[in-house]
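Subject: The two-chain model, with notes

Hi,

Here is the structure I promised to pass on.

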Amino acid sequence: MRHLSTKATFNSHGQDSSYFLGWEEYEKNPYDEVQNPKGIIQMGLAENQLSFDLLESWLEKNPEPAGFKRDGKSIFRELALFQDYHGLPAFKRALVEFMAEIRGNRVSFDPNHMVLTAGATSANETLMFCLAEPGEAFLLPTPYYPGFDRDLKWRTEAEIVPIHCTSSNDFQITETALEAAYHEAQQRNLRVKGVLVTNPSNPLGTTLSRSELNLLISFITTKGIHLISDEIYSGTVFSSPGFVSVMEVLKDRNCDKSEVWNRVHIVCSLSKDLGLPGFRVGAIYSNDDMVVAASTKMSSFGLVSSQTQYLLSALLSDKKFTKNYISENQKRLKKRQNMLVMGLERAGISCLKSNAGLFCWVNMRHLLRSDSFEAEMELWKKIVYDVRLNISPGSSCHCTEPGWFRVCFANMTEETLDLAIQRLKDFVVEHTANGHSKSNNSSKNSNRKLLPKWVLRLSSSDRDHKPDER
Amino acid sequence: MQMLSKKAACDSHGQDSSYFLGWQEYEKNPYHEVQNPNGIIQMGLAENQLSFELAESWLADNPDVLGLKRDGKSVFKELALFQDYHGMPTFKNELVKFMAKLRGYKVEFDPKKLVLVAGSTSANESLMFCLAEPGEAFLLPTPYYPGSNDFKITGCALEDAYEQAKKLNLNVKGVLVTNPSNPLGTTMDRDELNLLIDFAISKKIHIVSDEIYSGTVFDSTSFVSIIEAVTDRNIDDTHELWNRIHMVYSLSKDLGLPGFRVGMIYSNDETVVAAATKMSSFGLVSSQTQFLLTNMLSDKKFTSKYIEENRKRLKSRKEMLVSGLSDAGIECLNSNACLFCWVDMRHLLSSDTFEAEKELSKRILFEVGLNISPGSSCHCSEPGWFRMCFANMSQETLKVAITRIKDFVESITSSRDNCNHQLTFLDSRRRSVSKWVLPLSPYDNNEPAER
């Protein structure tokens, strides 16, 4: 008899092994401005470290919420006991208002339709449990966040079928691609329960256009399926065309009384906008009462600490603060993105034009030895070991075209980013001088020698990378 | 096409309606000493409210921790970014020390074997994901009263359950026990633990020991953890049984902090630790909370004082309830732990049936104004037992509750016929074992933790 479950033993948690190498190398040799200036710079971590000072200064000015106090009185006891899976009402109210504010108040949300979860990771898994049986499928546009392979499939036993997007139209979702994906699912005998999109997109850094959103809504209406819109990066939109939430499009189409209204669900979190991944604050927003009821109960498996709910309800209720934060944060992100884009441009590397996110989707196809994923892996390893930058290869995001990389810009200082850009420039100069020429045999062979080793390494050991490299 | 999954769609309030009713009625009419003295007193909630002021005074003495500071410097950024599913190393170090302390240092724990999760609710679910495939089974002791065994687990009961599972074509993967027991309030003695260990060895199955009430044992020497029991058997370190021993713990009952969502899995099996660590992504503990509790637990003076004082207060409260009920002619199972008593009201039933238990439950709710948990909701095979909590209210409120019960009992006994129904009860007392196979009640719509 098998001793442990398949979930525990089989490598089905989906944490990709090639990806794991970059993290491992970074952990062994992390860059530090003073102590290890030649170390590897972490550019694979989509964290927002640009606006902490704003949060810290708010905390200094408002010590009560963190101190379990309200109007001078201790509410420690009340919070210590509060484990109602309906969530702290004041927090939900503040959160829906914050969500609306980010969307320019063009839509409003009802706190009774919101379910708090310990992070968006939990929200996505819970939604899968509510919407799909084991073996049923969701369609996801590629490239997508590598963590979805774990979050959406592992314990739920649901399947993902990719909607192939390509650079030919800047990776936008097309009707053809949607239909092709649906068809592929049918060929594989998989019943499709819905589509999941990330808007703004990880790893692309772009917001979905109105026409894409309309296309999606028409598609799910025709097929009678669900749409999950993971909007965790909504607060990171820094330039036009601006963010359009799926709720807004539904409203514009007067769908609020229609059947499709109940099949659209949003996931949000404070990990990217406010840069608070450690606090584990996520939420599901659904118009379907049953989904709300079921996911509320399921949230028992991942409730948000009441200590944290209380602190953040105070923070988000401070409208002066949120208004300033949203706009200042966006400014800083825009500046940073611009810095990276310009820097890469000077190195002859272009990026997909982006208006959101904490990263750029970088085009290094011209640096590949050949138009293959093997070549992408080779290039990636060079960048990790020689250039000493940990960036995310497109293949880990299921991109169909080799040569694209996700490069983060918001998780380091300006100086570090400058250095990273410089290193890349130097690398490109050298690389171009050496050419993609097949004359550089010895280095190519040693790269080849290294290749089989990591391919054989399974990521089942506990020395895995950080869970959220989103 | 079925739009939602079965899991979501079978979301019915179909569980025992009398149980649900109690909560609903309480919400409509909650007791308040001043504002609603005739309201329903909540005795169905296993919370530990007795020692908050100790924690509050610690907080008042340590404002820096709340302000997310360490040595005067802000660690806000570090905490805000910390989402490593391996958990905060300092927090895990303090937790294992705390756990060892609760067990009188008779066992030692390795922080590398500890996995932090958002509450023991999450811990138990994750362990199930790691140990069982869909459709496989775990055996759980239910309050079962085979004669005068005081609800203890017996070799017979274990074998019977195993056989029942086989008949139902269920592959048994392990046994899950809660020690100290909810709802019984008792710790497992060495005989029971040894029986369990023998059983797990012979069937080659897992033991999951949910020890979330370990800090509520009134007299620490009487608690024997599963790890201690296995250690004392002098089973070789390399024996495969070790890989099948897992523990669940939480700070919700001992420290009275259910709102902070701090639970953990402790396992000797590396693969389980690795898998559960990854699974904890779905329910990590807030770094803000990990930081606060690291500091609290590292203050050894505080933890010593807290543990001792907490035990004293729980013991005294329990004694208050037990003697109060005794005065009303109601006995409790002799208990040495937890936040509740397992109360014997069989003699107050109009007949030895669950129908009668339901009736009594309703009367206690509506006439007496107490929300208590009927044994049927705990899958007890014997009607007439109730779980009554004593640590989630003030002393005065408990006194009121006791007085109400006394008055109620007086009114019943004075109006009841003197004919002795007890004799006819004795025959029907033995229940068939297959009762435990009752499908688990769908989850309650109201309070998630009526633990």
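In which loop of chain B is B:P183 found? B:P183 is in the loop between β6 (172-178) and α9 of chain B; helices (H or I, at least four residues) and strands (E, at least two) are DSSP runs, numbered from the N terminus.

Before the rest, some ground rules. This is a predicted model, in which local features need pLDDT of at least 70 and side-chain atom pairs count only at pLDDT 80 or more, while totals for chains, interfaces and linings use all residues. Residues are numbered from 1 along each chain as its sequence is written, chains are lettered from A and ligands numbered from 1 in the order in which they are written, and side-chain values use heavy atoms, with hydrogens and water left out.

Most residues other than glycine have a negative phi, and most peptide bonds are trans. The bond from B:N182 to B:P183 is cis, with omega near 20°. Chain A has a cis bond from A:S240 to A:P241, where omega is near 10°, and A:P241 sits in the loop between β8 and α11 of chain A.

Two phenylalanines have a positive phi. A:F171, with phi near 65°, lies in the loop between β6 (159-163) and α9 of chain A. A:F171 is buried, at a relative accessible area of 3% (buried means under 20%, exposed over 50%, partly exposed in between, with a 1.4 Å probe and protein chains only). In chain B, B:F151 has a phi of about 65° and lies in the loop between β5 (137-139) and α8. B:F151 also counts as buried, at 6% relative accessibility.

Helix α10 of chain A

This helix covers residues 210-223, and its 14 residues should span 20 Å at 1.5 Å a residue, which agrees with the 20 Å between its end C-alpha atoms; the expected span is 1.5 Å times one less than the number of residues. Its buried residues include A:L213, A:L216, A:F219 and A:I220. Among the elements that cover the buried residues are β5 (137-141), α9 (175-187) and β7 (192-198) of chain A. Just after α10(A), A:G224 has a positive phi of about 65°.

Helix pairs

In chain A, the axes of α14 (residues 319-346) and α16 (residues 414-434) come within 9 Å and cross at roughly 20°. Axes are lines fitted to C-alpha atoms, for helices over the stretch in contact, and angles run from 0 to 180 degrees between N-to-C directions. So α14(A) is roughly parallel to α16(A) (angles under 35 degrees count as roughly parallel). Residues making the contact (heavy atoms within 4.5 Å) include A:M339 and A:L340 of α14(A), and A:L417 and A:I421 of α16(A).

In chain B, α8 (residues 155-167) and α9 (residues 190-203) pack at about 35°, with axes 10 Å apart. Their contact is made by B:G155, B:L158, B:E159 and B:Y162 of α8(B) and B:L195, B:L196, B:F199 and B:K203 of α9(B).

One more helix: α13 of chain B (residues 300-327) has 28 residues and reaches 41 Å from its first C-alpha to its last, close to the expected 40 Å. After α13(B) comes B:G329, with a positive phi near 80°.

Happy browsing!

How values were computed. Parallel < 35°, antiparallel > 145°, perpendicular 65-115°, else oblique.
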